[in-house]
Amino acid sequence: MLVFGIMAGLPLLLIFSTLSLWLGEVGIAKSEITYFSWAALGYSFKFVWAPLVDVMPLPLLTRWLGRRRAWLLLAQCMVMGSIIFMAMVDPAQNSLVWMGVAAVCLGFSSATQDIVTDAYRIESANAELQAMMSASYIAGYRIGMLLAGGGALFLASYFGTSIEHYNFEAWQLTYWAMASLFLVGILTTLIIDEPKQQQASALINRRHHVRFFITFLLAVSAFICSFALTADLTALAKQKLALLLSNAQLVSVFIELIRLVFAGVAAALVALLMTQIKFIDKQSVTHSYIAPIQDFFTRYGWSLAWLLLALVGLYRISDIVLGVVANPLYQSLGFTKNEIATVVKTFGVFMTIFGAFYGGVLVLRYGVMPILMLGAVLSAITNLLFMLLVQSGHDITMLYVVITADNLSGGLANAAFIAFLSSLTNISFTAVQYAIFSSLMTLIPKVLGGYSGSMVESIGFENFFLMTALMGLPVLLLIALARKRFNLTHPQ
């Protein structure tokens with residue numbers, strides 16, 4: 001689980017902060033850089049194909065390795081290939097569209113890897129060992145982030161690229177080095193044992209598997225086509241409403257959310273049509289998609305279930321939206337890649353790990369909900385410290401202070417939040433329900449994060465950080481309401 005955690009933590013920063021620094025060196029505008037955060041929306045929609053990964057065997061590989069290891073091997077090879085794809089694109093020479101395609105492939109592949117890893121962790125050890133498995137995974141995840149963050153920046157600097165003298169070959173070698181690390185994950189997958197206890201497949205034969213996969217591809221195609229066909233209409237609506245409301249950023253967020261919902265409805269209608277014409281077994285769809293959701297609402301009741309889902313969806317909104325523009329901020333203040341790698345990507349990761357362990361101790365002592373509230377309060381307050389960093393300019397001491405406070409509070413909040421999410425799942429639907437919760441917790445923040453660059457250009461860094469702190473206020477209200485109705489002393 002330590003190795004799998006490293007493999008899961010590596011791709012995230014290669015899409016977010018490390019890529020943003022690469023694009024920043026080329027001279028890409030902040031508004032365009034932050035749009036690349038949408039490439040990681042695969043993490044927010046992984047619940048869509050989680051049932052497919054959960055039940056569908058892979059030709060030859062499943063017979064050789066077993067269901068979980070086969071998908072792990074495929075996902076790891078896909079991640080490795082996507083990173084190599086990114087390394088082959090020079091954003092200074094090629095269209096940014098190709099870099100976007102490569103980043104989307106990496107996000108999809110990495111999210112698939114997460115689905116399988118969660119299922120493997122749950123099925124390969126009993127309940128008493130799950131805490132240790134999770135702890136090992138989280139530690140590995142942070143090591144992976146350290147390698148892809150600080151490690152990648154040190155390598156890029158060593159190979160000879162800087163904000164003054166851009167060198168594509170340096171970034172290419174760096175991303176190749178990151179891709180090569182997945183050989184360790186592939187080797188681990190080949191030597192570990194397949195879990196002995198697995199949930200029975202809802203799809204009973206090969207014909208069902210093929211039809212289920214075709215239906216999934218058709219639904220995804222409907223989703224993509226919906227986005228493509230509404231592009232012109234969306235641009236026109238943004239233009240008209242922006243003039244009417246005098247707030248282009250808010251209008252863009254609102255219209256894109258509507259567009260996202262419309263595309264999701266289109267995909268759902270395709271899946272519904274395939275069940276109506278009996279192309280796929282209705283019972284399979286019910287077991288894979290409806291039963292996990294139905295179970296959640298049955299256990300908690302409609303009002304509490306919606307309250308908990310709102311909390312899951314908004315809890316991390318402050319830090320995710322802020323995190324998208326963090327590296328452009330450091331660059332604009334004059335911090336070098338080595339300084340960012342040392343303070344933010346290396347020292348910051350250790351502070352996050354310490355905060356996570358301290359948060360785990362506090363959860364054991366006081367329970368989940370009080371520490372969930374504490375984490376939300378600290379996350380909002382520490383966002384205000386970034387306003388001081390903007391005023392201080394290139395001040396390495398202030399950077400250490402801000403990163404210490406932000407990462408400690410973030411680690412503490414994350415430990416409590418993971419315990420909270422784990423407590424919401426039913427062991428009968430763990431893989432799919434956890435995929436739904438982990439997808440929901442990043443969906444709204446990442447959609448908003450894509451517009452963070454435009455917001456900064458419009459209102460400035462200081463007002464933007466104030467806005468992200470205020471985003472945390474509704475979260476405090478949701479925790480207070482949930483705490484009265486949701487009795488949770490210790491996580492599962």
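Start by selecting F464: with a relative accessible area of 0%, this residue is buried. Keep in mind as you go that you are looking at a predicted model.

**Stop 1: two neighbouring rings**

Now show both side chains and look at how the rings meet. The ring centres of F464 and F465 are 5.7 Å apart and the planes make an angle of 65 degrees, so this pair is edge-to-face.

**Stop 2: a cluster of rings**

Searching the whole structure turns up 19 aromatic pairs. For another of them, select W302 and W306, a tilted pair with 6.4 Å from centre to centre and 35 degrees between the planes. Both tryptophans belong to helix 15, residues 302-314, and they sit four residues apart, about one turn of the helix. An α-helix has 3.6 residues a turn, so residues three or four places apart point the same way. Is W302 buried or exposed? W302 counts as exposed, because its relative accessibility is 58% and the threshold is over 50%.

Now widen the selection to F296, F297, Y300 and F437. Together with W302 and W306, these residues are linked by ring pairs into a cluster.

**Stop 3: a serine in helix 6**

Jump to S82, which you will find in helix 6, residues 67-87. S82 counts as buried, since its relative accessibility is 6%. Where does its side chain reach? Follow the side chain of S82 to the backbone oxygen of M78, 2.8 Å away. Then display A102, C105, L106 and S109: S82 touches these residues, leaving aside any up to four places away in sequence.

**Stop 4: helix 9 and its cap**

Next, select residues 168-180, which make up helix 9. Its 13 residues reach 18 Å from the first C-alpha to the last, close to the 18 Å expected at 1.5 Å a residue. Then step back to N167, which caps the N-terminal end of helix 9. A side-chain oxygen of N167 lies 3.1 Å from the backbone nitrogen of E169.

**Stop 5: arginines over rings**

Finish with two arginines. Select R121 and Y137: R121 lies over the face of Y137, 5.9 Å from the ring centre. Then move to R365 and Y366, where the charged end of R365 sits over the ring of Y366 at 4.9 Å from its centre.

Definitions and conventions
Residues are numbered from 1 along each chain as its sequence is written. This is a predicted model: local features need pLDDT of at least 70, side-chain atom pairs count only at pLDDT 80 or more; totals for chains, interfaces and linings use all residues. Side-chain values use heavy atoms; hydrogens and water are left out. Helices (H or I, at least four residues) and strands (E, at least two) are DSSP runs, numbered from the N terminus. Buried means under 20% relative accessible area, exposed over 50%, partly exposed in between (1.4 Å probe, protein chains only). A polar contact is a pair of N or O atoms within 3.5 Å; within protein, one must be able to donate a hydrogen and the other to accept it, and residues adjacent in sequence count only if both atoms are side-chain atoms. Contact means heavy atoms within 4.5 Å. The expected span of a helix is 1.5 Å times one less than its number of residues. Rings of Phe, Tyr and Trp (its six-membered ring) pair if their centres lie within 6.5 Å; planes under 30 degrees apart count as stacked, over 60 as edge-to-face and the rest as tilted. A charge sits over a ring if NZ of Lys or CZ of Arg is within 6 Å of the ring centre and within 35 degrees of the ring normal.
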